[in-house]
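Please examine the structure shown below.

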Amino acid sequence: MGKNWNAQRSKARLATRYAEVETVSIVNYTKDTSLENIPINKAYKMDAAHLYVDILNLRDMLHVTKDEGETCHKRTLRFLNLHYRAVHRILSETDARRVDFHNQRLHCVVAKPYGTDSERRRVERAVAIAQLIIDVLHETGDSDDKIPNADVRVGIDTGTALAVNNGRRGGREPLFLGRPANQAAKTAGHEPLTGIYLTNEARIAIGLKSLDGDAHRTTALTPAEIEACTAAAKLDVSKDDIVEAWKDEQKNTPIGSVGFSRPTPPLRDLDIQALSLANSKRFEAVSVYADIDGFSTYVENNIEDDPEDVVRALHVLRSELDHVVSDDFEGRRVRFIGDCIHGAMLDGTAYTTYTEETISNAVLCAGGLRSGFSEAMKFLNEKKVVVDDLGLAIGLEFGPLSISRLGMKGDMVRCAVGRNVLNSETEQARCNGTETAIGEEAFDSGSDAVRELFEDDRIVANLDYDSAVTGLAASDDKTAKAAQANAYRAAIPAVVPSLSEPLRPHAQR
């Protein structure tokens with residue numbers, strides 16, 4: 001099948017995905033319930049403190065050298081792996097639950113002690129864990145390999161959220177829907193300030209005054225406030241304990257060398273679960289970020305009265321985005337990040353990336369993502385699912401990309417590193433829910449048609465599949481013209497001659 005999107009395939013997929021969540025159950029979280037095995041049509045309501053930990057100097061690692069070569073990516077993967085191992089040990093020792101570790105960002109929850117009357121104790125414990133992470137990651141670099149310690153910023157919020165498990169094809173990923181997860185992430189995402197930052201809800205929970213506007217995002221906890229939380233939490237482990245155990249771990253089970261090979265297209269066949277540091281993939285590709293614009297507000301507005309619809313909408317929308325990347329355009333979903341999908345696009349061979357073709361197909365994929373999203377929204381509205389006014393913000397960038405898995409055997413997490421990963425997220429962030437933006441490298445390396453489509457500001461509104469394919473093809477983009485031809489051939493019905501009339505050569509009429 002040629003790489004393209006069409007409404008008929010989309011509608012068929014939407015019906016199948018909706019059937020999986022037509023009936024949804026919402027139950028209260030009970031002690032030690034697994035977050036990894038939640039059925040897709042079930043959600044757990046959990047009271048917890050949420051931590052987002054952001055390692056701020058990842059971008060510096062990727063820009064140590066002018067050229068983004070293999071050595072740069074090897075050091076970056078080792079940088080993340082060293083620090084991830086340390087954080088994994090901290091969470092295990094403090095009974096916190098890891099939700100996600102997406103490259104430089106960690107999301108974890110503190111659910112103990114249980115009960116609505118234990119909120120203060122959970123937030124105090126979250127602060128103590130956050131400070132332990134900061135202290136430990138200041139000592140888990142490797143000077144011999146030129147790997148620095150990590151500069152860390154932490155955001156914390158508290159409240160009730162829904163725990164769900166979403167994804168497909170063996171890529172199930174836990175996710176929390178609700179204000180505390182969203183606000184903790186926003187509070188952590190305020191570079192370049194380091195330290196621990198609490199939302200007003202979390203501040204009030206531990207007896208601090210609330211702050212005006214967004215001042216909580218620039219007002220770090222003082223050493224005295226952190227010390228008070230640490231004393232109250234009484235963690236059973238110290239920084240020295242973790243660092244010593246981490247050093248022993250490096251001796252007993254060393255990380256080993258990073259090895260790279262190229263994947264063979266189509267990229268959708270890449271088995272990420274089979275990867276490790278020694279078996280990492282590195283190739284030039286387009287990184288795609290597509291974020292559902294307005295989803296956090298939608299969740300906050302509907303999680304109390306229509307939580308089942310929130311679960312339905314998330315499953316249907318994210319599944320369709322995944323299908324477009326993986327099935328329609330033969331790319332690979334790296335992972336979901338909340339309501340955002342991160343994908344990679346590659347056209348070429350086992351030895352070479354076809355740069356212009358890869359970028360043009362990524363633009364067509366971006367159009368397919370917007371068209372698939374629109375079809376999904378129409379479908380959900382027809383099913384009377386509450387979806388509010390949601391949009392899709394899309395960012396693309398081209399460059400060297402490495403995909404691997406980090407951690408210890410039995411508990412490894414997937415990651416993708418590259419300047420294009422960070423820059424595609426930056427491009428997505430400058431879009432509203434109707435816009436698609438392309439990075440400088442993809443803009444410069446793409447076809448003339450791509451540059452004409454995006455113009456000098458590298459951003460275009462309402463770029464659905466039809467406008468993407470016709471816009472590129474009108475400027476003689478070979479990839480778009482091939483997609484048009486494939487769609488045309490697929491639309492021509494087979495002509496079967498009537499058997500009541502014999503077939504005759506043209507000359508015998």
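**Salt bridges**

- E249 counts as buried at 11% relative accessibility, where buried means under 20% relative accessible area, exposed means over 50% and partly exposed lies in between (1.4 Å probe, protein chains only).
- This residue forms a salt bridge with R89, and the closest N and O atoms are 3.1 Å apart; a salt bridge is a side-chain nitrogen of Lys or Arg within 4 Å of a carboxyl oxygen of Asp or Glu.
- The pair links distant parts of the chain, with E249 in helix α8 (residues 239–252) and R89 in helix α3, 160 residues apart.
- Helices (H or I, at least four residues) and strands (E, at least two) are DSSP runs, numbered from the N terminus.
- R89 is partly exposed, with a relative accessible area of 23%.
- In general, side chains of opposite charge can pair when their charged atoms come close.
- The count of salt bridges comes to 24.
- Another of these joins R13 and E320, whose closest N and O atoms are 2.8 Å apart.
- R13 belongs to helix α1 (residues 7–20) and E320 to helix α10 (residues 307–328), and the two are 307 residues apart.
- R13 is buried at a relative accessible area of 11%, and E320 is buried at 1%.
- R9, R13, E320 and D328 are linked in a network of salt bridges.
- The side chains of E68 and R419 also meet in a salt bridge, at 3.8 Å from N to O.
- E68 lies in the loop between α2 (58–62) and α3 (70–94), and R419 lies in helix α12 (residues 419–429), so this pair ties together parts that are 351 residues apart in sequence.
- Both E68 and R419 are buried.

**Source and confidence of the model**

- This is a predicted model, in which local features need pLDDT of at least 70 and side-chain atom pairs count only at pLDDT 80 or more, whereas totals for chains, interfaces and linings use all residues.
- Residues are numbered from 1 along each chain as its sequence is written, and side-chain values use heavy atoms, with hydrogens and water left out.
- The protein chain averages a pLDDT of 91, and 94% of the residues score at least 70; pLDDT is the predictor's confidence in each residue, from 0 to 100.
- Over residues 494–509 the pLDDT is below 50, and beyond near neighbours in sequence this stretch has one contact in the model, where contact means heavy atoms within 4.5 Å.

**Nonpolar cores**

- The largest nonpolar core has 67 residues, of which L177, L317, V363, L369, I438 and F454 touch the most other members.
- A nonpolar core is a set of buried Ala, Val, Leu, Ile, Met, Phe, Trp, Tyr and Cys residues joined through side-chain atoms within 4.5 Å.
- Leaving aside neighbours within four places in sequence, V363 is in contact with several residues, including L396, I438, V450 and F454.

**Helix α5**

- Helix α5 (residues 179–188) is mostly covered, as seven of its 10 residues are buried.
- Its buried residues are P180, A181, N182, Q183, A184, T187 and A188.

**Cysteines**

- The structure holds zero disulfides, a disulfide being a pair of cysteine sulfur atoms within 2.5 Å.
- For C108, the nearest cysteine sulfur is that of C229, 15 Å away.
- The sulfur of C365 is 13 Å from the closest cysteine sulfur, in C340, which is too far for a bond.
- C108 is buried at 0% relative accessibility, and C365 is buried at 0% as well.

**Residue D339**

- D339 is found in the loop between β10 (332–337) and β11 (340–345), and this residue is buried, with a relative accessible area of 13%.
- Apart from neighbours within four places in sequence, D339 is in contact with A290, D291, I292, F295 and R318.

**Backbone geometry**

- Most residues other than glycine have a negative phi, and most peptide bonds are trans.
- The peptide bond from K112 to P113 is cis, with omega near 0°, and P113 lies in the loop between β4 (105–110) and α4 (119–137).
- The peptide bond from P265 to P266 is also cis, with omega near 5°.
- N103 has a positive phi of about 55° although it is not a glycine, and N103 is buried at 5% relative accessibility.
- D388 has a positive phi of about 60° and is partly exposed, with a relative accessible area of 40%.
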